[in-house]
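Please keep the sequence and the structure at hand while reading.

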Amino acid sequence: MLHSSPHSMKSLCVSVILLLVSYKCLGAHVLTYLAVAVIVLLMVGRVTRTQNSLSDGFGYAVLVTGCDSGFGHHLAKKLDGMGFTVFAGCISPEGPGAQRLVDEGSERMKILQLDVTKVEDVKLARDFVKSNLPEKGLYAVVNNAGVSDWGEIEWSTAQDFQRMIDVNLVGPIRVTIAFLSMVRATKGRMLFVSSIFSFFNCLNMGAYSVSKRGLEAFADCLRVEMASFGVKVSIIQPGNFGAATNILGNGKTSQDIWNEFDGARKLTFSQKYIDVACDYFQSTCSLGFKDCSLVIDAMLHALTSAKPRTRYLLVSSMDWCFFYIFPFLPTYLTDAVFNLSSMYHKREVMLYS
């Protein structure tokens, strides 16, 4: 069964633009030839993307971080079913998420104690993986472990930013450096789970955006370096999957935030505004995707396709065009977008109130 994707939508958009321009400039006769050429190119591209794909994972291993819940948990199950040996990194190897992987998985499912912020955990995980590799080696590392939280920059501390960066940026760097030589040996894949907030600089997501923008810079540099070795690097950019994952966890309540304010900040940001902002954030997250299938399908494509994409933008069909063009817009336009938000106007009214 064929599914439409942002990549195919992009190809279609480009094709339509080319056809319209050619008709305007060259007339209907040339348009016919160009239409045929575009169709041929799209068909060749489809064939190229499907040839030499990895059909099963028997004999190969994949390391996935953050498998206690969410994307990592679901991906580990899928990869196990495809025959891969899965090294599933978990914060709590004795926790319910890890135990479900053991109970529902095959003998190829290996649970690791892996907190990506701890050097010793990464070292021990590397030693275990190296000693338990199947015959074809380590094919891929999926840097999925991550945390999220919300809050305006002035509500935050340097420690809030440090925590986010330690998990979302330094953690994947630490894991990548530890396992890269094994992946290079198989000419395999490196995946990084980022976010639309790596480029969508919206209100209340400053620390998270900093960590994910840094992660993408690292992945982009790695992709250029690894091309010479035949290692492919892909970035996954999920949109609103808060309801489908446990990434939000037990975040701060509006009262928690208010209690941390000093007198000056309480004069600037009213408690009523904090309550409204918290409700808005929670309600927005609840409107997102309810399952992980779109992300898992993208991950599997990045791992098994002969021609994986460098970025997978994973948002609703309605939002795709907006988020695709957003990074290319001038700053005055991207900033102006927030003036359309009702929350932004409420904020302006409620400050100092």
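## Helices α10 and α14

Helices α10 and α14 are roughly antiparallel to each other, a label given to angles over 145 degrees, whereas angles under 35 count as roughly parallel, 65 to 115 as roughly perpendicular and the rest as oblique. The angle at which α10 and α14 pack is about 170 degrees, and their axes are 10 Å apart; axes here are lines fitted to C-alpha atoms, for helices over the stretch in contact, and angles run from 0 to 180 degrees between N-to-C directions. On the α10 side the contact is made by Lys272, Tyr273, Val276, Ala277 and Tyr280, and on the α14 side by Met343, Lys346, Arg347 and Met350, where contact means heavy atoms within 4.5 Å.

Within α14 (residues 342-350), the residues Met343, Arg347 and Met350 are buried, that is, under 20% relative accessible area, with exposed meaning over 50% and partly exposed in between (1.4 Å probe, protein chains only). These residues lie on the same side of α14, because they cover an arc of only 75 degrees around the axis, the arc being that of the directions from the helix axis to the C-beta atoms. Just after α14, Tyr352 takes a positive phi of about 65 degrees.

## Basis of the model

The model is predicted, with local features needing pLDDT of at least 70 and side-chain atom pairs counting only at pLDDT 80 or more, while totals for chains, interfaces and linings use all residues. Residues are numbered from 1 along each chain as its sequence is written, and side-chain values use heavy atoms, with hydrogens and water left out.

## The chain and its cores

The protein chain has 14 helices and seven strands, which are DSSP runs numbered from the N terminus (helices H or I, at least four residues; strands E, at least two). Of its 353 residues, 45% count as buried. Among contacts in the chain with a separation of 6 or more, 73% come from residues 24 or more positions apart.

The largest nonpolar core has 61 residues, and those with the most contacts inside it are Leu63, Leu138, Trp155, Phe179 and Met190; such a core is a set of buried Ala, Val, Leu, Ile, Met, Phe, Trp, Tyr and Cys residues joined through side-chain atoms within 4.5 Å. Helix α6 (residues 158-186) gives the most to this core, with 10 residues. Apart from this core lies another, of 33 residues, among them Phe84, Ala88, Ala298 and Leu300. Beyond its neighbours within four places in sequence, Trp155 is in contact with residues including Trp150, Asn204, Phe261, Tyr273 and Ala277.

## Two buried serines

Ser194 lies in the loop between β5 (189-193) and α7 (206-226), and it counts as buried because its relative accessibility is 3%. Although Ser194 and Ile236 are 42 residues apart in sequence, they are 5.6 Å apart in space, C-alpha to C-alpha. Ser209 lies in helix α7 and is also buried, with a relative accessible area of 10%; not counting residues up to four places away in sequence, Ser209 touches Phe197, Ser198 and Phe200.

## The faces of helix α4

In helix α4 (residues 96-104), Gly97, Ala98 and Leu101 are buried. Seen down the axis of α4, the buried residues fall within an arc of 100 degrees, so they line one face of the helix. What covers them includes α3 (70-81), β2 (85-90) and β3 (109-113), while the face turned away from the buried side carries the exposed residues Pro96, Asp103 and Glu104.
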